[in-house]
Amino acid sequence: MTNTTTDRMTDRIYDVVIIGGGVAGAALLYALATFTDLKRVALVEKYSQVASVNSKATNNSQTIHCGDIETNYSLEKALKVRRSAQMLVRYAEQLSPAQRDQIIYRFPKMVLGVGAQECEFLRQRYETFKPHFAGMQLLDKVEIAAVEPSVVKVNGQDRPEELVALAVLDEYTAINYGTLAQSFIEQAQTSDKTVDLKLGYPVQTIEPVGENYRVTTAAETMLARFVVVSAGGHSLLFAHRMGIGLEYSCLPIAGNFYFTPQVLNGKVYTVQNDKLPFAAIHGDPDITMPNKTRFGPTALPLPLLERHNLQTLIDYLEVLKLDQTVTGVLWDLFKVRDIRNYIFKNIAFEMPVVNRRLFLNDARKIVPSLQLEDLEFAQGVGGVRPQLIDRTQRKLILGQAEIDPGNGIRFNITPSPGATTCLGNAEQDILRIQQHLGCKFDRTWFEAESIAVS
Ligand SMILES: Cc1cc2nc3c(=O)[nH]c(=O)nc-3n(C[C@H](O)[C@H](O)[C@H](O)COP(=O)(O)OP(=O)(O)OC[C@H]3O[C@@H](n4cnc5c(N)ncnc54)[C@H](O)[C@@H]3O)c2cc1C
(Lines give C-alpha, C1' and ligand atoms only; values in the text may rest on other atoms or scores of the structure.)
Protein backbone atom coordinates (compact mmCIF):
# COMPACT_ATOMS: atom_id res chain seq x y z
CA MET A 1 0.00 0.00 0.00
CA THR A 2 1.47 3.36 -0.96
CA ASN A 3 -1.55 5.55 -0.54
CA THR A 4 -0.54 7.87 2.31
CA THR A 5 0.94 11.28 1.64
CA THR A 6 4.06 10.42 3.62
CA ASP A 7 4.75 7.51 1.27
CA ARG A 8 4.59 9.64 -1.85
CA MET A 9 7.70 9.72 -3.98
CA THR A 10 7.90 13.45 -3.48
CA ASP A 11 8.36 13.08 0.26
CA ARG A 12 11.93 13.55 1.41
CA ILE A 13 13.01 13.39 5.02
CA TYR A 14 15.29 16.18 6.13
CA ASP A 15 16.90 16.50 9.52
CA VAL A 16 16.02 20.18 9.56
CA VAL A 17 13.87 22.30 7.26
CA ILE A 18 14.22 26.08 7.67
CA ILE A 19 11.36 28.25 6.44
CA GLY A 20 12.45 31.75 5.42
CA GLY A 21 15.55 32.81 3.53
CA GLY A 22 16.34 36.09 5.27
CA VAL A 23 19.65 36.51 7.03
CA ALA A 24 18.33 34.56 10.05
CA GLY A 25 17.37 31.45 8.06
CA ALA A 26 20.54 31.65 5.95
CA ALA A 27 22.76 31.91 9.07
CA LEU A 28 21.11 28.81 10.49
CA LEU A 29 21.58 26.88 7.25
CA TYR A 30 25.27 27.78 7.28
CA ALA A 31 25.71 26.85 10.94
CA LEU A 32 23.89 23.52 10.56
CA ALA A 33 25.95 22.57 7.51
CA THR A 34 29.23 23.64 9.09
CA PHE A 35 29.09 22.83 12.79
CA THR A 36 26.77 19.82 13.17
CA ASP A 37 26.85 16.23 11.96
CA LEU A 38 23.34 16.45 10.50
CA LYS A 39 23.30 15.12 6.96
CA ARG A 40 20.24 16.61 5.28
CA VAL A 41 19.08 20.21 5.64
CA ALA A 42 16.91 22.43 3.48
CA LEU A 43 15.88 26.06 3.34
CA VAL A 44 12.59 27.06 1.73
CA GLU A 45 12.07 30.69 0.67
CA LYS A 46 9.00 32.08 -1.04
CA TYR A 47 10.81 34.62 -3.22
CA SER A 48 13.22 33.78 -6.01
CA GLN A 49 16.14 35.33 -4.08
CA VAL A 50 17.26 35.13 -0.48
CA ALA A 51 17.13 38.30 1.64
CA SER A 52 14.33 39.97 -0.32
CA VAL A 53 12.44 41.29 2.70
CA ASN A 54 13.85 42.89 5.88
CA SER A 55 17.37 41.55 5.33
CA LYS A 56 17.71 43.26 1.94
CA ALA A 57 20.42 45.93 2.16
CA THR A 58 18.03 48.77 1.38
CA ASN A 59 15.38 47.71 3.90
CA ASN A 60 17.27 48.05 7.19
CA SER A 61 19.84 50.42 8.70
CA GLN A 62 22.87 48.29 7.73
CA THR A 63 24.22 48.57 11.28
CA ILE A 64 26.25 46.01 13.20
CA HIS A 65 24.66 46.73 16.55
CA CYS A 66 26.97 46.45 19.55
CA GLY A 67 24.98 48.49 22.05
CA ASP A 68 27.78 51.01 22.53
CA ILE A 69 26.08 53.86 20.64
CA GLU A 70 22.51 52.57 21.02
CA THR A 71 21.47 54.28 24.24
CA ASN A 72 18.29 52.22 24.42
CA TYR A 73 20.51 49.19 25.26
CA SER A 74 21.47 48.46 28.86
CA LEU A 75 25.06 47.28 29.44
CA GLU A 76 23.78 43.73 29.89
CA LYS A 77 21.91 43.78 26.57
CA ALA A 78 24.84 45.48 24.83
CA LEU A 79 27.30 42.77 25.91
CA LYS A 80 24.93 40.04 24.73
CA VAL A 81 24.33 41.64 21.33
CA ARG A 82 28.02 42.44 20.92
CA ARG A 83 28.90 38.74 21.22
CA SER A 84 26.73 38.09 18.15
CA ALA A 85 28.10 41.17 16.38
CA GLN A 86 31.61 39.79 16.84
CA MET A 87 30.50 36.54 15.20
CA LEU A 88 29.48 38.46 12.07
CA VAL A 89 32.91 40.05 11.80
CA ARG A 90 34.65 36.75 12.57
CA TYR A 91 32.61 35.08 9.84
CA ALA A 92 33.36 37.78 7.24
CA GLU A 93 37.06 37.86 8.10
CA GLN A 94 37.47 34.19 7.33
CA LEU A 95 36.37 34.87 3.73
CA SER A 96 38.65 36.23 1.02
CA PRO A 97 39.25 40.01 1.31
CA ALA A 98 37.18 40.58 -1.84
CA GLN A 99 34.21 38.66 -0.39
CA ARG A 100 34.63 40.29 3.03
CA ASP A 101 34.58 43.76 1.49
CA GLN A 102 31.17 43.05 -0.05
CA ILE A 103 29.80 42.34 3.43
CA ILE A 104 31.34 44.46 6.21
CA TYR A 105 32.44 48.09 6.14
CA ARG A 106 34.48 50.36 8.41
CA PHE A 107 32.98 53.74 9.24
CA PRO A 108 33.36 55.88 12.35
CA LYS A 109 30.28 55.78 14.57
CA MET A 110 29.09 57.93 17.44
CA VAL A 111 26.10 58.76 19.56
CA LEU A 112 25.61 62.49 19.90
CA GLY A 113 24.43 64.24 23.04
CA VAL A 114 22.91 67.67 22.42
CA GLY A 115 22.39 70.02 25.40
CA ALA A 116 23.48 69.74 29.02
CA GLN A 117 21.18 66.89 30.03
CA GLU A 118 22.09 64.54 27.17
CA CYS A 119 25.79 65.37 27.51
CA GLU A 120 25.74 64.49 31.20
CA PHE A 121 23.88 61.27 30.39
CA LEU A 122 26.57 60.29 27.86
CA ARG A 123 29.42 61.12 30.25
CA GLN A 124 27.90 58.77 32.81
CA ARG A 125 27.29 56.10 30.20
CA TYR A 126 30.92 56.37 29.14
CA GLU A 127 32.07 55.52 32.68
CA THR A 128 29.87 52.42 32.71
CA PHE A 129 30.62 51.21 29.19
CA LYS A 130 34.28 52.13 28.74
CA PRO A 131 35.66 49.19 30.80
CA HIS A 132 33.85 46.80 28.43
CA PHE A 133 34.25 48.66 25.12
CA ALA A 134 37.97 49.28 24.65
CA GLY A 135 37.54 51.32 21.47
CA MET A 136 35.05 53.77 22.96
CA GLN A 137 36.04 57.45 23.20
CA LEU A 138 34.37 60.46 24.77
CA LEU A 139 34.58 63.33 22.27
CA ASP A 140 34.11 67.04 22.91
CA LYS A 141 32.85 69.52 20.33
CA VAL A 142 36.25 70.08 18.68
CA GLU A 143 36.91 66.35 18.46
CA ILE A 144 33.43 65.69 17.05
CA ALA A 145 34.03 68.36 14.40
CA ALA A 146 37.27 66.63 13.39
CA VAL A 147 35.32 63.44 12.57
CA GLU A 148 31.95 64.88 11.53
CA PRO A 149 32.28 68.58 10.61
CA SER A 150 28.62 68.87 9.53
CA VAL A 151 27.43 67.84 12.99
CA VAL A 152 29.11 70.87 14.55
CA LYS A 153 29.47 73.59 11.92
CA VAL A 154 26.76 75.86 10.53
CA ASN A 155 28.03 78.43 8.02
CA GLY A 156 31.54 77.87 9.31
CA GLN A 157 30.55 78.59 12.93
CA ASP A 158 30.08 76.09 15.78
CA ARG A 159 26.46 75.40 16.65
CA PRO A 160 25.61 76.94 20.05
CA GLU A 161 24.47 73.87 22.04
CA GLU A 162 26.74 71.86 24.32
CA LEU A 163 27.83 68.68 22.47
CA VAL A 164 29.43 65.45 23.59
CA ALA A 165 29.69 62.13 21.75
CA LEU A 166 30.55 58.55 22.58
CA ALA A 167 32.46 57.35 19.55
CA VAL A 168 34.15 54.29 18.13
CA LEU A 169 36.29 55.37 15.22
CA ASP A 170 37.98 52.34 13.74
CA GLU A 171 35.80 49.25 13.73
CA TYR A 172 33.52 47.45 11.32
CA THR A 173 30.21 49.19 11.89
CA ALA A 174 28.17 48.72 8.70
CA ILE A 175 27.09 45.58 6.93
CA ASN A 176 25.17 44.42 3.91
CA TYR A 177 22.84 41.79 5.38
CA GLY A 178 21.78 40.79 1.85
CA THR A 179 25.25 39.81 0.67
CA LEU A 180 25.86 38.23 4.07
CA ALA A 181 22.80 35.99 3.64
CA GLN A 182 23.93 35.07 0.12
CA SER A 183 27.40 34.24 1.42
CA PHE A 184 25.98 32.01 4.21
CA ILE A 185 24.09 30.03 1.56
CA GLU A 186 27.18 29.66 -0.66
CA GLN A 187 29.31 28.52 2.27
CA ALA A 188 26.65 26.04 3.40
CA GLN A 189 26.55 24.59 -0.09
CA THR A 190 30.29 23.90 -0.07
CA SER A 191 29.77 21.26 2.63
CA ASP A 192 29.62 17.57 1.70
CA LYS A 193 26.09 17.26 3.14
CA THR A 194 22.76 17.53 1.39
CA VAL A 195 21.99 21.25 1.58
CA ASP A 196 18.91 21.99 -0.51
CA LEU A 197 17.91 25.55 -1.32
CA LYS A 198 14.34 25.91 -2.52
CA LEU A 199 13.74 29.41 -3.83
CA GLY A 200 10.37 30.61 -5.10
CA TYR A 201 8.46 28.14 -2.91
CA PRO A 202 5.96 29.78 -0.52
CA VAL A 203 5.31 27.33 2.29
CA GLN A 204 1.58 26.77 2.59
CA THR A 205 1.24 24.50 5.61
CA ILE A 206 3.26 22.81 8.34
CA GLU A 207 1.62 19.78 9.96
CA PRO A 208 2.83 17.27 12.53
CA VAL A 209 3.07 13.72 11.16
CA GLY A 210 4.05 11.28 13.90
CA GLU A 211 7.39 12.52 15.22
CA ASN A 212 8.09 14.56 12.08
CA TYR A 213 6.61 17.58 10.35
CA ARG A 214 5.23 17.81 6.84
CA VAL A 215 6.09 21.07 5.09
CA THR A 216 3.97 21.70 2.02
CA THR A 217 4.58 24.11 -0.84
CA ALA A 218 2.64 24.28 -4.12
CA ALA A 219 5.39 22.25 -5.78
CA GLU A 220 6.32 19.61 -3.23
CA THR A 221 5.97 18.11 0.20
CA MET A 222 8.91 17.63 2.51
CA LEU A 223 9.23 15.75 5.77
CA ALA A 224 11.42 17.18 8.50
CA ARG A 225 12.59 15.86 11.85
CA PHE A 226 12.87 19.46 13.02
CA VAL A 227 11.45 22.68 11.58
CA VAL A 228 12.69 26.22 12.25
CA VAL A 229 10.41 28.97 11.00
CA SER A 230 12.38 32.19 10.44
CA ALA A 231 9.83 33.98 8.32
CA GLY A 232 9.69 37.37 10.06
CA GLY A 233 6.13 38.31 11.07
CA HIS A 234 4.91 35.28 9.12
CA SER A 235 6.53 33.02 11.73
CA LEU A 236 3.75 34.08 14.10
CA LEU A 237 1.14 33.37 11.43
CA PHE A 238 2.46 29.81 10.98
CA ALA A 239 2.52 29.32 14.75
CA HIS A 240 -1.06 30.53 15.18
CA ARG A 241 -2.28 28.30 12.37
CA MET A 242 -0.82 25.37 14.30
CA GLY A 243 -2.50 26.55 17.52
CA ILE A 244 0.87 27.64 18.99
CA GLY A 245 1.89 31.01 20.44
CA LEU A 246 -1.68 32.23 20.68
CA GLU A 247 -0.63 34.34 23.65
CA TYR A 248 1.12 36.67 21.17
CA SER A 249 -0.26 39.34 18.88
CA CYS A 250 1.79 41.62 16.65
CA LEU A 251 2.35 45.35 16.17
CA PRO A 252 4.27 45.89 12.91
CA ILE A 253 6.34 49.08 12.96
CA ALA A 254 7.43 50.27 9.54
CA GLY A 255 10.64 52.24 9.14
CA ASN A 256 11.13 54.72 6.31
CA PHE A 257 14.22 56.71 5.39
CA TYR A 258 15.24 59.97 3.73
CA PHE A 259 18.33 60.53 1.59
CA THR A 260 20.45 63.66 1.64
CA PRO A 261 23.68 64.44 -0.20
CA GLN A 262 26.64 63.03 1.73
CA VAL A 263 26.84 65.11 4.90
CA LEU A 264 28.30 62.51 7.27
CA ASN A 265 31.45 60.39 7.19
CA GLY A 266 30.02 57.67 9.41
CA LYS A 267 27.10 56.67 11.59
CA VAL A 268 25.69 59.31 13.93
CA TYR A 269 23.06 58.16 16.41
CA THR A 270 21.18 60.36 18.88
CA VAL A 271 20.26 59.83 22.52
CA GLN A 272 17.12 57.78 22.93
CA ASN A 273 14.07 59.17 24.74
CA ASP A 274 13.70 56.37 27.28
CA LYS A 275 9.90 56.64 27.25
CA LEU A 276 9.83 55.62 23.59
CA PRO A 277 9.94 51.99 22.55
CA PHE A 278 11.80 52.65 19.26
CA ALA A 279 15.23 54.01 18.49
CA ALA A 280 15.58 57.67 17.59
CA ILE A 281 16.50 58.45 13.98
CA HIS A 282 20.15 58.36 12.99
CA GLY A 283 22.26 59.35 10.00
CA ASP A 284 24.26 56.69 8.16
CA PRO A 285 26.32 56.26 5.03
CA ASP A 286 24.29 54.04 2.65
CA ILE A 287 26.53 51.22 1.47
CA THR A 288 24.43 50.77 -1.66
CA MET A 289 24.31 54.51 -2.49
CA PRO A 290 27.77 56.08 -2.34
CA ASN A 291 27.74 59.85 -1.90
CA LYS A 292 24.45 59.80 -0.01
CA THR A 293 23.60 59.93 3.67
CA ARG A 294 20.50 58.11 4.82
CA PHE A 295 18.45 59.43 7.77
CA GLY A 296 15.88 57.33 9.61
CA PRO A 297 14.21 55.01 10.25
CA THR A 298 10.85 56.46 11.19
CA ALA A 299 8.55 54.29 13.30
CA LEU A 300 5.09 54.03 11.81
CA PRO A 301 2.54 51.44 13.00
CA LEU A 302 1.42 49.77 9.75
CA PRO A 303 -0.97 46.84 9.35
CA LEU A 304 1.35 44.82 7.06
CA LEU A 305 3.70 41.92 7.73
CA GLU A 306 5.88 42.99 4.78
CA ARG A 307 6.49 46.66 4.00
CA HIS A 308 6.06 46.51 0.23
CA ASN A 309 3.45 43.75 0.01
CA LEU A 310 -0.19 44.84 0.44
CA GLN A 311 -1.36 41.23 0.38
CA THR A 312 0.18 40.80 3.82
CA LEU A 313 -2.59 43.02 5.25
CA ILE A 314 -4.80 39.92 5.39
CA ASP A 315 -2.01 37.94 7.06
CA TYR A 316 -1.62 40.73 9.58
CA LEU A 317 -5.32 40.80 10.46
CA GLU A 318 -5.05 37.06 11.12
CA VAL A 319 -2.12 37.39 13.57
CA LEU A 320 -3.47 40.53 15.23
CA LYS A 321 -6.28 38.62 16.98
CA LEU A 322 -7.68 41.89 18.23
CA ASP A 323 -9.39 41.47 21.58
CA GLN A 324 -9.74 43.39 24.82
CA THR A 325 -6.23 42.52 25.99
CA VAL A 326 -4.53 43.64 22.76
CA THR A 327 -6.64 46.80 22.70
CA GLY A 328 -5.65 47.36 26.35
CA VAL A 329 -1.91 47.06 25.58
CA LEU A 330 -2.24 49.45 22.63
CA TRP A 331 -4.25 51.88 24.75
CA ASP A 332 -1.65 51.73 27.56
CA LEU A 333 1.02 52.70 25.02
CA PHE A 334 -1.13 55.45 23.57
CA LYS A 335 -1.83 56.90 27.02
CA VAL A 336 1.85 57.86 27.50
CA ARG A 337 2.17 61.40 26.17
CA ASP A 338 5.62 60.97 24.61
CA ILE A 339 4.54 57.78 22.83
CA ARG A 340 1.29 59.35 21.63
CA ASN A 341 3.10 62.40 20.24
CA TYR A 342 5.71 60.17 18.68
CA ILE A 343 3.01 58.08 16.92
CA PHE A 344 1.30 61.24 15.63
CA LYS A 345 4.63 62.60 14.45
CA ASN A 346 5.44 59.39 12.61
CA ILE A 347 2.02 59.42 10.95
CA ALA A 348 2.68 63.03 9.92
CA PHE A 349 6.02 61.92 8.44
CA GLU A 350 3.86 60.15 5.82
CA MET A 351 1.71 63.18 4.94
CA PRO A 352 2.54 65.14 1.83
CA VAL A 353 3.77 68.71 2.35
CA VAL A 354 4.32 68.50 6.15
CA ASN A 355 6.33 65.26 6.08
CA ARG A 356 9.68 66.61 4.91
CA ARG A 357 9.41 69.73 7.08
CA LEU A 358 8.77 67.67 10.20
CA PHE A 359 11.50 65.18 9.40
CA LEU A 360 13.90 68.04 8.79
CA ASN A 361 13.42 69.17 12.40
CA ASP A 362 14.57 65.78 13.68
CA ALA A 363 17.42 65.40 11.17
CA ARG A 364 18.74 68.88 12.09
CA LYS A 365 19.52 67.59 15.57
CA ILE A 366 22.27 65.64 13.78
CA VAL A 367 23.17 68.03 10.95
CA PRO A 368 21.90 71.53 11.81
CA SER A 369 22.68 73.02 8.40
CA LEU A 370 20.35 70.65 6.47
CA GLN A 371 17.83 72.39 4.21
CA LEU A 372 14.45 71.21 3.01
CA GLU A 373 15.71 70.73 -0.53
CA ASP A 374 18.43 68.38 0.77
CA LEU A 375 15.84 65.82 1.86
CA GLU A 376 14.55 63.21 -0.57
CA PHE A 377 12.12 60.50 0.58
CA ALA A 378 13.78 57.10 0.02
CA GLN A 379 11.17 55.47 -2.17
CA GLY A 380 10.89 51.67 -1.88
CA VAL A 381 13.43 51.63 0.96
CA GLY A 382 12.68 50.35 4.47
CA GLY A 383 11.03 47.42 6.16
CA VAL A 384 8.72 46.39 8.95
CA ARG A 385 9.69 45.40 12.49
CA PRO A 386 7.19 42.78 13.69
CA GLN A 387 7.06 43.65 17.40
CA LEU A 388 5.18 41.10 19.47
CA ILE A 389 2.51 41.90 22.02
CA ASP A 390 2.48 39.50 24.94
CA ARG A 391 -1.16 39.05 25.95
CA THR A 392 -0.29 37.23 29.17
CA GLN A 393 2.00 39.97 30.45
CA ARG A 394 -0.07 42.66 28.72
CA LYS A 395 2.97 44.37 27.20
CA LEU A 396 4.84 45.10 24.00
CA ILE A 397 8.01 43.01 23.57
CA LEU A 398 10.74 45.33 22.36
CA GLY A 399 13.33 42.87 21.06
CA GLN A 400 13.17 39.60 19.23
CA ALA A 401 11.25 36.56 20.42
CA GLU A 402 11.11 32.86 19.82
CA ILE A 403 8.20 30.50 20.33
CA ASP A 404 9.36 27.01 21.14
CA PRO A 405 6.77 24.46 22.24
CA GLY A 406 9.62 21.94 22.70
CA ASN A 407 8.43 19.34 20.23
CA GLY A 408 10.66 19.73 17.21
CA ILE A 409 9.50 23.06 15.87
CA ARG A 410 10.64 26.59 16.64
CA PHE A 411 9.37 29.97 15.45
CA ASN A 412 11.73 32.97 15.37
CA ILE A 413 10.36 36.50 15.17
CA THR A 414 13.25 38.86 14.72
CA PRO A 415 12.80 42.62 14.71
CA SER A 416 15.95 44.68 15.35
CA PRO A 417 18.66 43.69 16.19
CA GLY A 418 17.70 40.35 14.67
CA ALA A 419 20.09 40.71 11.75
CA THR A 420 23.07 41.43 14.01
CA THR A 421 22.19 38.45 16.16
CA CYS A 422 21.59 36.00 13.28
CA LEU A 423 24.56 33.77 14.14
CA GLY A 424 23.93 34.01 17.89
CA ASN A 425 20.31 32.99 17.25
CA ALA A 426 21.46 30.15 14.99
CA GLU A 427 23.59 28.90 17.89
CA GLN A 428 20.52 28.91 20.17
CA ASP A 429 18.42 27.16 17.50
CA ILE A 430 21.05 24.44 17.15
CA LEU A 431 21.21 23.87 20.90
CA ARG A 432 17.47 23.16 20.80
CA ILE A 433 17.86 20.98 17.70
CA GLN A 434 20.65 19.10 19.47
CA GLN A 435 18.40 18.48 22.48
CA HIS A 436 15.66 17.17 20.26
CA LEU A 437 17.61 15.17 17.65
CA GLY A 438 20.68 14.27 19.71
CA CYS A 439 23.08 15.45 16.97
CA LYS A 440 26.64 16.61 17.50
CA PHE A 441 27.29 20.36 17.61
CA ASP A 442 30.82 21.74 17.63
CA ARG A 443 30.41 25.08 19.44
CA THR A 444 34.09 26.01 19.48
CA TRP A 445 33.70 28.61 16.73
CA PHE A 446 30.83 30.34 18.55
CA GLU A 447 32.74 30.43 21.83
CA ALA A 448 35.99 31.72 20.35
CA GLU A 449 37.81 34.36 22.33
CA SER A 450 35.94 37.65 22.00
CA ILE A 451 37.61 40.07 19.66
CA ALA A 452 36.83 43.72 19.16
CA VAL A 453 34.69 44.35 16.08
CA SER A 454 37.83 45.48 14.34
C1 LIG B 1 13.79 49.90 9.20
C2 LIG B 1 14.56 48.76 9.79
C3 LIG B 1 15.89 48.93 10.16
C4 LIG B 1 16.61 47.89 10.71
N5 LIG B 1 17.94 48.04 10.96
C6 LIG B 1 18.65 47.03 11.47
C7 LIG B 1 20.05 47.16 11.67
O8 LIG B 1 20.65 48.17 11.33
N9 LIG B 1 20.72 46.12 12.24
C10 LIG B 1 20.09 44.97 12.61
O11 LIG B 1 20.72 44.07 13.15
N12 LIG B 1 18.77 44.79 12.37
C13 LIG B 1 18.05 45.79 11.79
N14 LIG B 1 16.73 45.62 11.52
C15 LIG B 1 16.11 44.32 11.79
C16 LIG B 1 16.53 43.35 10.71
O17 LIG B 1 16.21 43.86 9.44
C18 LIG B 1 15.82 42.03 10.95
O19 LIG B 1 16.03 41.64 12.29
C20 LIG B 1 16.34 40.91 10.07
O21 LIG B 1 16.40 41.30 8.72
C22 LIG B 1 15.43 39.71 10.25
O23 LIG B 1 15.88 38.68 9.42
P24 LIG B 1 14.90 37.47 9.14
O25 LIG B 1 15.66 36.54 8.30
O26 LIG B 1 14.34 36.97 10.42
O27 LIG B 1 13.65 38.13 8.39
P28 LIG B 1 13.47 38.56 6.87
O29 LIG B 1 14.72 39.14 6.31
O30 LIG B 1 12.26 39.39 6.83
O31 LIG B 1 13.24 37.18 6.15
C32 LIG B 1 12.08 36.40 6.33
C33 LIG B 1 11.95 35.55 5.11
O34 LIG B 1 10.86 34.65 5.26
C35 LIG B 1 10.29 34.50 3.99
N36 LIG B 1 8.94 33.96 4.10
C37 LIG B 1 7.85 34.55 4.63
N38 LIG B 1 6.76 33.75 4.47
C39 LIG B 1 7.19 32.63 3.85
C40 LIG B 1 6.56 31.44 3.39
N41 LIG B 1 5.25 31.26 3.53
N42 LIG B 1 7.32 30.50 2.77
C43 LIG B 1 8.64 30.68 2.59
N44 LIG B 1 9.30 31.80 2.98
C45 LIG B 1 8.57 32.75 3.61
C46 LIG B 1 10.30 35.91 3.43
O47 LIG B 1 10.13 35.92 2.04
C48 LIG B 1 11.67 36.38 3.87
O49 LIG B 1 12.67 36.14 2.92
C50 LIG B 1 15.99 46.64 10.94
C51 LIG B 1 14.66 46.45 10.56
C52 LIG B 1 13.96 47.49 9.98
C53 LIG B 1 12.56 47.25 9.52
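Which residue has a backbone N or O atom 3.3 Å from an oxygen atom of the ligand? In this predicted model, in which local features need pLDDT of at least 70, side-chain atom pairs count only at pLDDT 80 or more, and totals for chains, interfaces and linings use all residues, that residue is Asn-54. Residues are numbered from 1 along each chain as its sequence is written, and side-chain values use heavy atoms, with hydrogens and water left out.

A polar backbone atom of Ser-61 is 2.9 Å from a nitrogen atom of the ligand, and a polar side-chain atom of His-65 lies 3.3 Å from a ligand nitrogen. The ligand taken alone exposes 990 Å², of which the protein buries 97%; accessible areas come from the Shrake-Rupley method with a 1.4 Å probe, and for residues only the protein chains shown count as cover. Helix H1 (23-35), strand E2 (40-45), helix H8 and strand E21 (383-390) are the elements that give two or more residues to the shell around the ligand. Helices (H or I, at least four residues) and strands (E, at least two) are DSSP runs, numbered from the N terminus. Strand E21 gives the most, with 3 residues. There are 41 residues around the ligand, and Glu-45, Ser-55, Val-203, Thr-414 and Thr-420 come nearest; a residue is near a molecule or strand if one of its heavy atoms lies within 4 Å of it. The shell divides into 18 nonpolar, 20 polar and 3 charged residues, where Ala, Val, Leu, Ile, Met, Phe, Trp, Tyr, Cys and Pro count as nonpolar, Asp, Glu, Lys and Arg as charged, and the others, Gly among them, as polar.

Helix H8 (residues 233-241) is largely enclosed by the rest of the structure, because 8 of its 9 residues are buried. Buried means under 20% relative accessible area, exposed over 50%, and partly exposed in between (1.4 Å probe, protein chains only). The buried residues of H8 are Gly-233, His-234, Ser-235, Leu-236, Leu-237, Phe-238, Ala-239 and His-240. Just after H8, Gly-243 has a positive phi of about 75 degrees.

Salt bridges, defined by a side-chain nitrogen of Lys or Arg within 4 Å of a carboxyl oxygen of Asp or Glu, come to a count of 25. One of these joins the side chains of Lys-109 and Asp-68, at 3.0 Å from N to O. This pair links distant parts of the chain, 41 residues apart, with Lys-109 in strand E4 (residues 109-114) and Asp-68 in the loop between E2 and helix H2 (75-93). Lys-109 is buried at 3% relative accessibility, and Asp-68 is buried at 1%. Arg-410 forms a salt bridge with Asp-429, with the closest N and O atoms 2.5 Å apart. Here strand E24, which holds Arg-410, is linked to helix H13, which holds Asp-429, across 19 residues. Arg-410 counts as buried at 6% relative accessibility, as does Asp-429 at 3%. Within helix H4 (residues 116-129), Glu-120 and Arg-123 lie 3 residues apart, about one turn of the helix, and their side chains meet in a salt bridge of 3.4 Å, N to O. Glu-120 is partly exposed at 36% relative accessibility, and Arg-123 is partly exposed at 29%. A network of salt bridges links Arg-83, Glu-427, Arg-443 and Glu-447.

Most residues other than glycine have a negative phi, and most peptide bonds are trans. Asn-291, in the loop between strand E17 (282-285) and strand E18, has a positive phi of about 70 degrees and is exposed, with a relative accessible area of 61%. Lys-321, in the loop between helix H9 (312-320) and helix H10 (324-335), has a positive phi of about 45 degrees and is partly exposed at 33%. A cis peptide bond with omega of about -5 degrees joins Gly-296 and Pro-297, and Pro-297 is found in the loop between E18 (292-296) and strand E19 (300-301). The peptide bond from Ser-416 to Pro-417 is also cis, with omega near 5 degrees; Pro-417 lies in the loop between E24 (409-413) and H13.

Terms used. A polar contact is a pair of N or O atoms within 3.5 Å; within protein, one must be able to donate a hydrogen and the other to accept it, and residues adjacent in sequence count only if both atoms are side-chain atoms.
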